[in-house]
Amino acid sequence: NMLDKLGRTCLDHAFEAKQEEVIEFMTLDTSLLPFSRGLLPAIARGDHRTVCDLLRVSDHRLRADVNQRDVRGAPALHAA
């Protein structure tokens, strides 16, 4: 999953734009197309559920990188 400079994925953008059909397509079968949410935006939103889901998911392709850093170089876990 590609990230923009704020750590958002294309799935994050779909949620922000309230594109329900796009979200449904992107999350329907993650075994084929593994779209995930971004860790940094979830931390910034205070979205505890998404943060936990990103760190606990069994599919390594969807698991968040706990070593990810924001644009200032601060680690994600520092913001949590």
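Arg72 is exposed in this model, with a relative accessible area of 69%. Here buried means under 20% relative accessible area, exposed means over 50%, and partly exposed covers the range in between, using a 1.4 Å probe and protein chains only. The areas themselves come from the Shrake-Rupley method with a 1.4 Å probe, where only the protein chains shown count as cover for residues.

A quick word on the ground rules: this is a predicted model, in which local features need pLDDT of at least 70 and side-chain atom pairs count only at pLDDT 80 or more, while totals for chains, interfaces and linings use all residues. Residues are numbered from 1 along each chain as its sequence is written, and side-chain values use heavy atoms, with hydrogens and water left out.

**Salt bridges**

A salt bridge is counted when a side-chain nitrogen of Lys or Arg lies within 4 Å of a carboxyl oxygen of Asp or Glu. That rule gives 6 salt bridges, and the table shows some of them.

| Side-chain pair | Distance, N to O |
|---|---|
| Glu16 and Arg8 | 3.3 Å |
| Arg37 and Asp12 | 2.7 Å |
| Asp70 and Arg72 | 2.6 Å |

Shared partners link Asp4, Arg8 and Glu16 into one network of salt bridges. Within it, Glu16 is partly exposed at 45% relative accessibility, and Arg8 is partly exposed as well, at 22%.

Helices, for the record, are DSSP runs of H or I with at least four residues, strands are runs of E with at least two, and both are numbered from the N terminus.

Are these two partners buried or exposed? Arg37 counts as buried at 18% relative accessibility, and Asp12 counts as buried at 1%.

**Around Asp12 and Gly38**

A contact means heavy atoms within 4.5 Å. Setting aside residues up to four places away in sequence, Asp12 touches Gly7, Arg37, Gly38, Pro41 and Arg45.

Gly38 is located in the loop between α2 and α3 and is buried, at 1% relative accessibility. Beyond its neighbours within four places in sequence, Gly38 is in contact with Gly7, Thr9, Asp12 and Leu54. Its C-alpha is 7.4 Å in space from that of Leu3, although Gly38 and Leu3 are 35 residues apart in sequence.

Nonpolar side chains tend to be buried together in soluble globular proteins.

Helix α4 (residues 48-56) has Thr50, Val51, Cys52 and Leu54 buried, and the buried residues of α4 pack against α3 (39-45). With neighbours within four places in sequence left out, Leu54 is in contact with Ser36, Arg37, Gly38, Leu39, Leu62, Arg63 and Ala64.

**Cysteines**

How many disulfides does a search of the whole structure find? It finds 0, where a disulfide is a pair of cysteine sulfur atoms within 2.5 Å. Cys52 is buried, with a relative accessible area of 16%, while Cys10 is partly exposed at 39%.

**On the surface**

Patches are built from residues with over 30% relative accessible area and no salt bridge; like charges are joined within 9 Å and nonpolar side chains (Val, Leu, Ile, Met, Phe, Trp, Tyr) within 5 Å. Phe25, Leu32 and Leu33 form a nonpolar surface patch, with about 340 Å² of accessible area together. Of these, Leu32 is placed in the loop between α2 and α3 and is exposed, at 64%.

Lys18 belongs to the loop between α1 and α2 and counts as exposed at 65% relative accessibility.
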